[in-house]
Amino acid sequence: MQIIIVGCGKVGSTIAEQLSAEGHDITIVDTDEAVVKALAARLDIMGVTGNGATHTILEEAGIEDSDLLIAVTESDELNLLCCMVGKKAGAEHTIARVRNPEYSQDIGFMKKELGLAMTINPEYAASTEMARLLRFPSAIEIDTFGRGRVELLEYKISEGNILVGKSLIDVGRNIKSDVLICAVEREDEVIIPNGSFVLQSGDIVSIVASTENAKDFFKKVGCNSSGVRDTMIVGGGTIAYYLAKQLLPLGIKVKIIEKSYERCEELSAMLPNAVIIHGDAADKDVLLEEGIEKCSSFVSLTGIDEENAFLSLYAKSVSNAKIVTKINRIAFDDIIEKFDLGSMIYPKHITAEYIVRYVRGLQNSVGSNNVEALYRIIHGKVEALEFYIKEDSGMTGATLEALPIREGVLVAGIIRDGKVMIPNGKSTLQRNDSVIIITRITGMQNLEDILK
Amino acid sequence: MNYSIILYIVGKVMMLESACFLIPAVTSLIYGEHEGMAYLIVGAVSAIIGYLISSKKKFENVFFAREGFVMVALSWIVLSVVGAIPFVLTGEIPNMVDALFETVSGFTTTGASILEDVESLSHTSLIWRSFTHWVGGMGVIVLLLAILPMAGGYNMHLMKAESPGPVVGKLVPRLRDTAKILYLIYLAMTVIEFVILLFVKMPVFDALCITFGTAGTGGFGIKADSLGSYSYAIQVVVTVFMILFGVNFNAYFLLLGKHKKDAFKIEEVRWYFGIIFAAIIIITINIRGYFENILTALNHAAFQVGSIITTTGYSTTDFDLWPQLSRNVIIFLMMCGACAGSTGGGIKVSRIIVMLKSVFQEIGYYIHPRGVKTIKMDGKVLEKPVLTSIRVFMLTYIMIYVISMFLLSLNNFDFETNFTAVAATFNNIGPGLAKVGPMANFNIYSYFSKLVLTFDMLAGRLELYPMLLLFSPGVWRIGKDK
C-alpha cells in the first residue's frame with residue numbers, strides 16, 4: 001500500500017519503520033529537513049520536507065495515489081486539518097492522532113463528518129491498556145480487534161465449573177448475563193458455536209461483552225473476577241485522568257497523587273468521585289499516609305521514567321499490590337525489564353502498535369470494496385471482518401433473529417456513532433453502522449454473504 | 001462616588017412609585033372611598049420631586065458596585081418612606097414609624113403587620129399594601145432596568161445589588177432583555193394565578209390582593225385569619241403558586257427555551273422540592289391528631305410549609321399551637337428560604353447546599369490531609385471568591401441576627417418571641433411564633449424595636465450588603481476631593 005506519514009516524531013518514525021518492514025511504500029512528511037533526511041537515509045522510504053497540511057506538499061508526496069494518510073504531528077488541529085485536506089486530495093483512508101481530552105467526546109462526530117477512518121489518542125490507548133490489566137485477574141486473556149474497540153476475553157473452563165455440560169441457550173437462560181460467547185477452542189479446533197452447542201471442561205471460551213457485563217459474567221461462573229478493589233495513581237497527567245475515568249464506573253476506588261496544586265484542582269473538578277491528594281510522591285510519608293501498604297494496585301505515571309521505576313520498586317517492597325509502570329523511553333528496555341516493575345506500559349509503542357494493527361486490517365481487506373477491515377484472531381484461526389453499511393437494504397431494519405444467518409457466522413458487534421454495541425437477537429442493523437462479523441468461513445466479500 | 005447617577009436613579013424610582021399609586025387611586029374610585037385622594041397627592045408630589053432630581057441632563061454614566069449597592073439601598077428607603085406617607089395622611093396608620101414598618105414589610109415582601117384589625121382598612125389601602133409585595137418581589141430596580149433605556153454595561157451592578165442569590169447571571173446577552181424576560185415570566189404567572197383563583201370562586205378583590213401577595217412571596221392578608229376562612233380549593237391553589245414563585249426563575253426561562261430538560265437538573269431546584277417534600281411529610285405525621293382527618297392535616301402542612309419556605313407568610317391555621325417538632329421544622333424552613341433568583345427571601349437553598357458541601361469538604365480534609373476537593377454546583381466548580389462570599393454572608397447574617405436580638409431584648413419578651421420575630425422579618429417571612437405568631441402582630445414592640453426590625457427587613461431583602469454599605473462612612477468619602 002502507498003502510505004503517507006505526516007510528522008516524524010517518535011511515533012511517526014516507529015510506524016514508518018514497522019510498515020516499511022512489512023512491505024508498504026512509505027512517504028514521510030515533516031517540516032524538519034534534518035529529521036526527514038536522517039530517517040529517509042536509514043529506512044527505504046521517501047521523504048518530503050514541508051507543511052503536511054498544505055495541498056502542495058501532500059501532492060508532492062503523492063496523495064492522489066495513496067491508500068492511507070497518517071497524521072501524527074504534535075498538534076491535534078494540524079493533524080485534523082491534514083486529514084481533511086488529504087481526504088479531499090484523494091487519500092483513500094486517513095488516520096489522525098488526537099490527544100486533547102476536550103476533543104475526545106467529539107471523536108464520533110469527527111469520524112463521521114470529517115471522514116476519518118480512525119483517530120488515535122496515545123494517552124487514552126495507554127490508559128485503556130492499563131485498565132485492562134487492572135480490571136481482570138490473570139486467568140483471563142484479552143485480545144482486541146475492530147481498531148481496538150472490541151475486546152475478546154478468553155477464559156478456560158475448568159473441571160467442575162457450572163458451565164460444563166450446558167448448552168449456550170442454557171447459559172443465557174441460567175446465567176442471565178448479557179455476554180456473547182463467540183468462539184470456543186476445543187483441543188486444536190476452533191468452533192463458532194450456535195445455541196445448542198454444549199460446553200465441556202477444558203474448553204476455552206472467547207466472549208465479547210462490555211466491561212460491566214463481563215465482570216458480572218465472571219462472577220456468576222465462579223471465576224474470581226475481582227481484579228482490584230482500589231488503585232493508587234502517582235502523577236496526575238492525562239493518562240491518569242483517562243485511567244480514573246475508566247476505573248471509577250467499575251467501582252474501583254481511585255486515588256491520585258499529584259505534585260501541582262492547580263492540576264489537583266482541575267482533576268478534582270473533572271473526577272468528583274476520585275480522591276485527589278496534593279503531594280510529592282517522592283516523599284515516602286505521603287505514600288504511607290495514603291496507605292500504600294494496603295492498596296491493591298499501584299500505577300506510577302509521573303513524567304520521569306526513573307521516578308516511575310523507583311516508585312514501583314518501593315511499592316513492590318511494601319505491599320502486595322499489582323504494579324503498573326509507565327515508561328516513555330524505549331532505549332533501555334532490556335535493562336528495565338530486569339527489574340521487577342510489574343506490567344510495563346510504553347505509550348508510544350502502543351500508539352504505533354494500534355496504527356500498525358489497523359493498517360494490517362486494511363491490508364487484508366484490499367481487493368474487496370466492502371470489507372473495511374479484516375483481523376485474524378484466536379491464534380489466527382478465526383476471521384473478524386468489519387463491514388460498513390452504506391445504504392439501506394433487506395438486512396437493515398430487521399432483527400437479527402429474523403435474518404437467516406449462516407451456520408458458523410456470528411454478528412459480534414455493531415458500531416454506531418463510534419460506540420460499540422454487543423448485539424442480541426433483538427438488535428437491528430441500520431444505515432451507517434459498522435458491523436463486526438466473526439467467522440471461520442474465508443472469502444466473504446459482502447455483508448450479504450453471511451446470509452444463507 | 002458618582003452622585004449624579006444615584007440622584008438620577010432615585011428620581012426615576014420616585015416617578016415609578018407615583019405611577020404605582022394609580023392602582024390604589026383607581027380602586028378608591030371603584031369603591032367610592034375618599035382615601036384615594038391621599039395617594040393622588042403623594043403621587044403627584046413624588047412625581048414632581050422625582051422629575052426635578054432626575055431631569056439633570058448631564059450625568060456620569062460610569063459607576064461601579066459600590067454605587068450600585070448604595071443606589072439600590074437608597075432607592076428602597078425612599079420607596080418605603082414615600083409609600084408610607086399615604087397611610088399617615090388617611091389616618092389609617094397615624095404613626096409614621098408604624099406606617100414605615102408596614103410599607104417596608106410590604107416592599108420587602110415580608111408581610112409582618114402592626115395592624116390590630118386588618119379588616120377595618122379601606123380597599124384602597126389594602127390593595128396598596130398587597131401591591132407593594134408585587135413590586136418588591138421581583139424588585140423595583142429590575143423593573144426600572146426593564147423599562148428604562150440605559151446605555152452601558154454598568155447596570156449589572158444594579159441588578160446584582162437587588163437580585164437575591166450568591167451568583168447573579170444574565171439569561172440573555174442584554175441586561176434590559178433579561179430584566180424584561182424576568183418581569184414577563186413574573187407577570188404571566190401572576191395572571192395565571194389570578195385567573196385560577198377567580199375560577200375557584202374567590203371574590204375579585206380578594207383574588208387580586210392574595211395573588212399580589214403570593215407572587216411577591218409577601219404575605220399580607222386582607223382578613224384577620226389570613227387565608228384560614230377561604231375554601232380548600234383556594235388554599236390548594238395558593239399553596240401550589242407559593243411554591244412555584246419560590247423556584248429559581250432561571251428554571252422557567254429554561255422551560256421556555258430549547259433545553260427544557262435542563263430545568264429539572266438544576267441542583268438547587270431539586271433540593272428545594274426535596275426539602276418541601278420532606279417537611280410536609282414530617283409535619284403531616286406530627287400534626288395528624290390535631291385535625292379531623294389526614295387530608296386536612298396534609299393540606300395545612302403543605303400550605304404552611306410552602307408559605308414559610310418561600311417566605312410568603314400566609315397561614316391557614318395557627319401553627320404556633322402545633323407540637324414542638326413541627327414548630328422546629330417551621331423555624332428551619334424560615335432560615336432556609338427559597339431558591340436564589342426567585343421572589344422569596346431567607347438564606348436561600350443554594351447557600352445552604354454550598355455550606356453543607358463545605359462541611360463535608362472539611363471532614364474530608366481530616367481524612368486526607370493533603371487531599372484536594374473542589375465544591376461543585378450543577379456540575380460546575382465554584383470559584384474560591386464565591387465560596388468565601390457565601391461564608392462571609394453567613395457570618396454577617398449571624399452577626400446582624402445576634403445584634404437585632406440583643407436590641408429587641410429591651411422589650412423583655414421571651415426568647416422564642418424575639419428569636420422568631422427577627423427570623424420572620426430578617427428572612428422576609430411575616431409571622432413568627434409565640435407572641436408574634438400567625439394570629440398575632442408586631443404592634444407589641446416599641447418604636448425603637450420596630451425600626452430595628454424595619455432595618456432587618458430591608459437588609460434581608462437586599463441580602464445584607466447594600467444596607468451595610470449605605471451606613472459605612474468609607475463609601476461616601478470616595479472621590480469626594482474631586
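A residue is buried if 20 or more other C-beta atoms lie within 10 Å of its own, exposed if 12 or fewer, and partly exposed in between, with C-beta atoms placed from the backbone. Glu416(B) is partly exposed, because 17 other C-beta atoms lie within 10 Å.

This is a predicted model, in which local features need pLDDT of at least 70, side-chain atom pairs count only at pLDDT 80 or more, and totals for chains, interfaces and linings use all residues. Residues are numbered from 1 along each chain as its sequence is written, while chains are lettered from A and ligands numbered from 1 in the order in which they are written.

Stay with Glu416(B). It sits in helix H18 of chain B, residues 415–426. Helices (H or I, at least four residues) and strands (E, at least two) are DSSP runs, numbered from the N terminus. Leaving out residues up to four places away in sequence, Glu416(B) touches Leu433(B) and Ala434(B). Contact means C-beta atoms, placed from the backbone, within 7 Å. Val436(B) is 20 residues from Glu416(B) in sequence, and their C-alpha atoms are 9.3 Å apart.

Now turn to helix H12 of chain B, residues 249–256. Its buried residues are Phe249(B), Asn250(B), Ala251(B), Tyr252(B) and Leu254(B). Their cover includes helix H9 (175–199) and helix H13 (267–287) of chain B.

Next, the two chains. Eight residues of chain B are in contact with eleven residues of chain A. Pairing requires at least two bridges found by DSSP. Ile276(A) has Val372(B) as its bridge partner in S1(B).

Terms used: Two residues are in contact if their C-beta atoms, placed from the backbone, lie within 7 Å.
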